[in-house]
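Have a look at it first, then we'll go through a few spots.

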Amino acid sequence: MATLDKTGLLARMARAIAEPSGEPLEVRLCHAYLRILGGNGAALTLSNTRAERVTLCSTDDAAARLEDLQEVLGEGPGNQAYRSGTIVTLDLNSQGSAWSSFTAAAQAAVGELTLHAVPIRPAGQVLGVLTTHRSAPPVPDAATAQFLADAIGTALLQNPEGYLHDLDSRTWTDRAAIHQATGMVLTQLGITVTDAVALLRAHAFAHNASMTEVARLVVDRRLRFADPDTSLRPDQLPGSSRESNRDTDTDGGTQTS
């Protein structure tokens with residue numbers, strides 16, 4: 001199996017969210033995900049099966065309706081992806097779905113679409129689900145979909161365990177490097193400080209590095225988000241051998257790890 005091009009994927013995500021639209025970061029991240037993996041629409045939901053469930057982004061009416069149905073009915077691929085921590089695919093035209101109420105209601109509402117629910121699990125714990133819908137196959141590559149979902153989750157988090165620490169606890173030198181790198185990234189891409197920090201955070205997650213390590217690569221001009229052809233290769237970053245595997249679970253739709 002080909003090695004996942006993490007740096008290339010993050011560079012594409014960076015360019016996508018840098019395009020001016022006036023939309024919040026979470027909406028631009030959803031659109032970036034769709035641009036890279038394809039699909040008609042997407043929704044990003046946190047805490048899918050809990051009382052505090054919240055949908056951060058719905059790119060179209062169909063995505064919003066599908067999330068509403070899963071919340072009301074308490075079933076569907078997004079809920080299952082959240083519980084199992086594995087990718088769940090559901091063809092609304094298929095027979096024998098484990099979620100008969102949701103499948104019937106969704107088909108009546110949006111037609112014969114295929115849903116692809118990816119758990120967001122940047123630090124090992126499932127935080128939410130990124131669900132796309134499409135009118136035609138193929139479904140996204142599982143490894144790429146999982147990596148991007150995790151990177152997006154990390155970009156949105158303030159302090160994911162194992163990847164970030166409180167900046168107040170860092171040395172002055174570390175804080176200065178992160179501040180300088182943030183300024184360089186926002187200058188390269190013409191984005192806000194919040195977006196630049198989100199990209200640094202996602203890159204740190206992707207390569208199992210600290211924010212300080214990634215910041216120093218940017219400051220030393222060995223990592224550029226604006227020009228992926230000159231960006232550092234994944235095998236040159238700390239923790240490049242990090243891999244994440246999940247067992248396949250089968251409860252409802254088709255699930256992949």
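## Helix H9

Is helix H9 (residues 211-219) mostly covered or mostly uncovered? Mostly covered: 7 of its 9 residues are buried in this predicted model. The buried ones are Met211, Thr212, Val214, Ala215, Leu217, Val218 and Val219.

Just past the end of H9 there's a backbone detail to check: Arg221 has a positive phi of about 65°.

## The nonpolar cores

The largest nonpolar core has 55 residues, and Met13, Val185, Leu199 and Phe225 are the ones touching the most other members. Two or more residues each come from helix H1 (6-18), helix H2 (25-37), strand E1 (41-46), strand E4 (114-120), helix H6 (142-156), helix H7 (172-189), helix H8 (193-206) and H9. H2 puts in the largest share, with 9 residues.

Zoom in on Met13 and, leaving out residues up to four places away in sequence, you'll find it touching Leu29, Ala32, Ile36, Ile152, Leu199 and Ala202. There's also a second, separate core of 15 residues, with Tyr82, Leu90, Leu92 and Phe102 among them.

## Glu67 in helix H3

Now for a charged residue. Glu67 sits in helix H3 (residues 61-73), and it counts as buried because its relative accessibility is 3%, against a cut-off of under 20%.

What does the side chain of Glu67 make a polar contact with? That would be the side chain of Thr45, at 3.1 Å. Setting aside neighbours within four places in sequence, Glu67 is in contact with Ala43, Thr45, Arg53, Thr55 and Thr131.

How values were computed. Residues numbered from 1 in each chain as written. Predicted model: local features only at pLDDT ≥ 70, side-chain atom pairs only at ≥ 80, totals over all residues. Heavy atoms only, no water. Buried < 20%, exposed > 50% of the residue type's maximum accessible area, 1.4 Å probe, protein only. Helix = DSSP H or I, 4+ residues; strand = E, 2+ residues; numbered from the N terminus. Polar contact = N/O pair within 3.5 Å; in protein donor to acceptor, adjacent residues only side chain to side chain. Contact = heavy atoms within 4.5 Å. Core = buried A, V, L, I, M, F, W, Y, C linked by side-chain atoms within 4.5 Å.
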